[in-house]
Amino acid sequence: LNCHSRMARTQKNKATAHHLGLLKARLAKLRRELITPKGGSGGGTGEGFDVAKTGDARVGFIGFPSVGKSTLLSNLAGVYSEVASYEFTTLTTVPGVIRYKGAKIQLLDLPGIIEGAKDGKGRGRQVIAVARTCNLILIVLDVLKPLVHKKLIEHELEGFGIRLNKQPPNIGFKKKDKGGINFTATCAQSELDAETVKSILSEYKIHNADITLRSDSTADDLIDVVEGNRVYIPCIYVLNKIDQISIEELDIIYKVPHCVPISAHHHWNFDDLLERMWDYLQLVRIYTKPKGQLPDYTSPVVLPNGRTSVEDFCLKIHKNLIKEFKYALVWGSSVKHNPQKVGKDHVLEDEDVIQLVKK
């Protein structure tokens, strides 16, 4: 597989941008076979890696051995994780669950992602499958040598179709039965033209489709959209061992986006980390109010951002609830009047209070 070396050798101009696009598409196709587990008779799943999705959100921890990931996990969750002194030990995942602002957040160690997992070796695959279901990924780095590790880990995750701190590309893509490739760009494109788009699509044996580029897109963006198996996950870089650096260095780290400096050993700055995790998870807490009683502020129903309609709320409680639903009374920032009578399509906001009225 010398696509990589061929990519390095091609010089940049229109003709080769076109060629590069093709190589990237070929590479992506080969990688896809690694992301999607082989159907049917796979060797049984790894022990401890079918993690039950408990809790309202799932946070995955990734880091090289000896950066203090296990210490951080056990200190955050008080989960007793056996920290062995030799490398590559944590094999099965024992998730810890922490309660924060009323939400149950599952903390998961994602071991062994770093060494050759995306080549389908060893436990890698199941770990990747779990990683792709996380709502947030924390990459734990050693503050003394962060950059090499950061690059390697990001590269691995990219290879699994995980995109960190990114929005899905603004590209419209619709397959059709006939009519050829219909290419429109609503703004200037520095990399893609009709021809390159066509050749990338033909690599996927797609000869009839509408493609709309709504932002300046790259060949990689187009491939992501065509592959359609990419997941977009927010990520926080946790820089551990800050007890080993100066205050000046710490000030610099504070300015780096998506970074939180901590000391797992000394429990320094955990509150900052939790607060940042909460920000990135964008969970929405809804308090229930039984008729004629005060709202229950102790156990909110927690919904993921983007799926916070009254109907989503009902489904989260019980799948048959929506059948009996008549209307709801809502107090909070999503309504103009308190309370306001709303239907099942009303979108709730964080810390709204709701009372359901059944038929």
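# A walk through a predicted protein model

Val 197, Ile 200 and Leu 201 in helix 6 meet Ala 219, Leu 222, Ile 223 and Val 226 in helix 7, where a contact means heavy atoms within 4.5 Å. The residues of this contact divide into seven nonpolar, no polar and no charged; here Ala, Val, Leu, Ile, Met, Phe, Trp, Tyr, Cys and Pro count as nonpolar, Asp, Glu, Lys and Arg as charged, and the others, Gly among them, as polar. The model is a predicted one, in which local features need pLDDT of at least 70 and side-chain atom pairs count only at pLDDT 80 or more, while totals for chains, interfaces and linings use all residues. Residues are numbered from 1 along each chain as its sequence is written, and side-chain values use heavy atoms, with hydrogens and water left out.

In outline, the secondary structure of the protein comes to 11 helices and 16 strands, which are DSSP runs numbered from the N terminus, helices being H or I with at least four residues and strands being E with at least two. Of the 359 residues in the protein, 46% are buried; buried means under 20% relative accessible area, exposed means over 50%, and partly exposed lies in between, with a 1.4 Å probe and protein chains only. The accessible surface of the protein comes to about 18,900 Å², and 53% of this surface belongs to carbon and sulfur atoms, the areas coming from the Shrake-Rupley method with a 1.4 Å probe and, for residues, only the protein chains shown counting as cover. Among contacts between residues at least 6 apart in sequence, 68% join residues at least 24 apart.

Two packed helices are described by the angle between their axes and the distance between the axes. Helix 6 (residues 194-203) and helix 7 (residues 219-227) pack at an angle of about 40 degrees, with their axes 11 Å apart; the axes are lines fitted to C-alpha atoms, for helices over the stretch in contact, and angles run from 0 to 180 degrees between N-to-C directions. Helix 6 and helix 7 are therefore oblique to each other, since angles under 35 degrees count as roughly parallel, over 145 as roughly antiparallel, 65 to 115 as roughly perpendicular and the rest as oblique. Helix 7 is mostly covered, with seven of its nine residues buried, and among these are Asp 224 and Glu 227. Just after helix 7, Gly 228 takes a positive phi of about 70 degrees.

Helix 3 (residues 69-77) and helix 9 pack at an angle of about 85 degrees, with their axes 12 Å apart, and that makes helix 3 roughly perpendicular to helix 9. Their contact is made by Leu 72, Asn 75 and Leu 76 of helix 3 and by Phe 270, Leu 273 and Leu 274 of helix 9, and by class this contact has five nonpolar, one polar and no charged residues.

The backbone also deserves attention. Most residues other than glycine have a negative phi, and most peptide bonds are trans. His 267, although not a glycine, has a positive phi of about 60 degrees; His 267 lies in the loop between strand 11 (259-261) and helix 9 (270-281), and is partly exposed, with a relative accessible area of 44%. Asn 269 is placed in the loop between strand 11 and helix 9, and its phi is near 65 degrees, a positive value in a residue other than glycine. The peptide bond from Asn 338 to Pro 339 is cis, with omega near -10 degrees, and Pro 339 has its place in the loop between strand 14 (325-331) and strand 15 (340-342).

Finally, some single residues show how parts of the chain come together. Thr 308, in the loop between strand 13 (296-304) and helix 10 (310-317), is buried, with a relative accessible area of 6%. Thr 308 and Val 347 are 39 residues apart along the chain, yet their C-alpha atoms are separated by 5.6 Å. Tyr 232, in strand 9 (residues 231-233), is partly exposed, with a relative accessible area of 26%. Tyr 232 is 68 residues from Leu 164 in sequence and 6.1 Å from Leu 164 in space, C-alpha to C-alpha. Leu 164 is also touched by Glu 154, a residue of helix 5 (residues 146-159) that is buried, with a relative accessible area of 18%.

Note on methods: Lists of a residue's contacts leave out its neighbours within four places in sequence.
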